[in-house]
Amino acid sequence: MRDLGAGFGHLLKGQRWMARHRKSYGYGLLPGLITLVLYLATLVVLVVWGADTVAWATPFADDWASPWAGIFRGVLTVVLFALGLLLAVLTFTAVTLLIGSLFYDSLSEAVDRDVSADGTAPESGLSFWRDVWVSTRDSLRILVRAALWGVLLFALGFVPVLGQTAVPVAGFLVTGFFLSEELAAGALQRRGLELRERLALLRTRKLLVWGFGTPLGLAFLVPFVAVFLMPGAVAGATLLARDLLGEEILDGPAHAADEDPGPEPDDDPAHAGDDDPAHAGDAAPHGHPGSGATGRTAHGTV
C-alpha cells in the first residue's frame, strides 16, 4: 500500500515544482485551454443536434406508437451525450499533450535536470520530426485503447448492481492508468521505451500508477480543473517515471532559479576579517566546494 501514497506524493510534488517555476506556468495553461474549448464545442454540438442525430439514425422508430418512440430516442440521446462526456474525460489528457507536446517535453526535461544528481536530462536522440511522429502515433494508439475501454465500461454500466458498484470503480482505475501513461510518456520515451514497454512497466507497479493517476482523474471531472493542474501533472509524471525506473530523485528547491540564494559570503559580518592579510592563507582555494565555485548542491532524496 506504500505505493499508493508514493504515487499521490508524486502528484503533489509535481504541483509544488510547478508553483516554484511560475514563469512557465502561464505557457503550460495554453494547451489545456485550447483542448477545453474544443471539447466544450463538441459537447454543445451533442446537446443541440443530438436528438436530430438519433432521430436520423433510428428511422425504424417512426411508426412506433406514442410515447414509445419519444422515450426510446430520448434515452438514446442521453446515452450519446454520456458516452461523449466519458470519452472526453478519458481522452482529454492525450489530446492536450498532443497539442502541447513541445512545451510539455521541455517542461519534463527541466524537471529531470532539476532532480537529477548531475543536472542532466535523458535525450531520445531522435530528430524533431521523428520525435513528433512517434509521440503522435503513440497518442492515437492510446486514444483508441481508452475509447475501447470507455465503450466496454459504458455497456457494463447497464448491468444491474455491477454497473452501479464495480464498474464506476473500474472506470476510475482505467482512467488513472491511461492518464499516468500519457503524462509519463514523454519522460519514458526520451529514455528509449516504446509504447508496449511503457505499458508493461506501468503494470509492474499498478498501485503506484493508480495512486498518481486516479486522484488526478477524479480531479479532472471538475470543470476547468484539468487545465490548471496539467502543467504540474506533467512535472509529477516525470517524477513517477524516475521512480518506476529506479532513478534517484533529489529535492528540487536548491536548483530553482527563483529561490533566494541568501547573502554573499563577503557580505556576512562573520567573514569581515577574511580581508586581513594575516588570514590570507586561510582562504579556500578557487573551485573548492566550500567557496561556492561549484554550481550545484544535491539535497536529500525526496
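This is a predicted model: local features need pLDDT of at least 70, side-chain atom pairs count only at pLDDT 80 or more; totals for chains, interfaces and linings use all residues.
**The whole chain**

The protein has nine helices and zero strands. Followed along the sequence, the pattern reads α-α-α-α-α-α-α-α-α. Of the 302 residues in the protein, 37% are buried. Take the contacts between residues at least 6 apart in sequence: 79% of them join residues at least 24 apart.

**The nonpolar core**

Next, select Phe92, Leu107, Leu183, Leu188, Phe212 and Leu216. These are the residues with the most contacts inside the largest nonpolar core, which has 50 residues. Which helix gives this core its largest share? Helix H9, residues 225-244, does, with eleven residues.

Keep Phe92 selected and show what surrounds it. Leaving out residues up to four places away in sequence, phenylalanine 92 touches Gly32, Thr35, Leu36 and Tyr39, and also Ala226, Val227 and Met230.

**The largest cavity**

Now turn to empty space inside the model. Rolling a probe the size of a water molecule over the atoms shows where empty space is left. A search of the whole structure finds two cavities of 30 Å³ or more. The largest cavity has a volume of about 260 Å³.

To find the largest cavity, select Asp105, Ser135, Glu182, Ala185 and Gly186; of its 19 lining residues, these lie nearest the centre. Then colour four helices: H3 (68-99), H4 (101-115), H5 (128-156) and H6 (166-189). Each of them supplies at least two residues of the lining. The largest share of the lining is six residues, and it comes from H6. Sorted by class, the lining holds seven nonpolar residues, six polar ones and six charged ones.

**Aspartate 105**

Stay with one of the residues nearest the centre of the cavity, Asp105. Aspartate 105 is found in helix H4. What does it touch, not counting residues up to four places away in sequence? The answer is Asp131, Gly186 and Arg190. Draw a C-alpha to C-alpha distance from aspartate 105 to arginine 190: the two are 9.1 Å apart in space and 85 residues apart in sequence.

**Arginine 198**

Select Arg198 in helix H7, which covers residues 195-204. Is arginine 198 buried or exposed? It has a relative accessible area of 1%, under the 20% cut-off, so it counts as buried. Apart from neighbours within four places in sequence, arginine 198 is in contact with Asp138, Glu181, Ala185, Leu188, Gln189 and Leu193. Ala185 is also among the residues nearest the centre of the largest cavity, and Leu188 is among those with the most contacts inside the largest nonpolar core.

**Aromatic rings**

Show the side chains of Phe, Tyr and Trp. A search of the whole structure finds six aromatic pairs. In the pair of phenylalanine 60 and tryptophan 64, the ring centres are 6.0 Å apart and the planes stand at 55 degrees, so the pair is tilted. Tryptophan 64 itself is partly exposed, with a relative accessible area of 39%.

Move on to phenylalanine 154 and phenylalanine 158. Their ring centres are 5.4 Å apart and their planes are at 85 degrees, so this pair is edge-to-face. Phenylalanine 158 is exposed, at a relative accessible area of 57%.

**Valine 75**

Go back to helix H3 and pick Val75, which lies in it. Valine 75 is partly exposed, with a relative accessible area of 47%. From valine 75 to valine 54, the C-alpha to C-alpha distance is 9.8 Å, and the two are 21 residues apart in sequence.

**Two backbone details**

The last stops concern the backbone. Most residues other than glycine have a negative phi, and most peptide bonds are trans.

Select Ser66 and Pro67. The peptide bond from serine 66 to proline 67 is cis, with omega near 10 degrees. Proline 67 is found in the loop between helix H2 (22-57) and H3.

Finish at Val161, in the loop between H5 and H6. Valine 161 is not a glycine, yet its phi has a positive value, near 65 degrees. Valine 161 is also exposed, with a relative accessible area of 61%.

Conventions. Residues are numbered from 1 along each chain as its sequence is written. Side-chain values use heavy atoms; hydrogens and water are left out. On a 1 Å grid over the protein atoms alone, a cavity is a set of points where a 1.4 Å probe fits but cannot get out, and a pocket is an open set with protein on both sides within 12 Å along at least five of seven lines; lining residues have an atom within 4 Å of a point. Grid points are joined across faces, edges and corners, and a volume is the space filled by probe spheres set on the points. Ala, Val, Leu, Ile, Met, Phe, Trp, Tyr, Cys and Pro count as nonpolar, Asp, Glu, Lys and Arg as charged, and the others, Gly among them, as polar. Rings of Phe, Tyr and Trp (its six-membered ring) pair if their centres lie within 6.5 Å; planes under 30 degrees apart count as stacked, over 60 as edge-to-face and the rest as tilted. Buried means under 20% relative accessible area, exposed over 50%, partly exposed in between (1.4 Å probe, protein chains only). A nonpolar core is a set of buried Ala, Val, Leu, Ile, Met, Phe, Trp, Tyr and Cys residues joined through side-chain atoms within 4.5 Å. Contact means heavy atoms within 4.5 Å.
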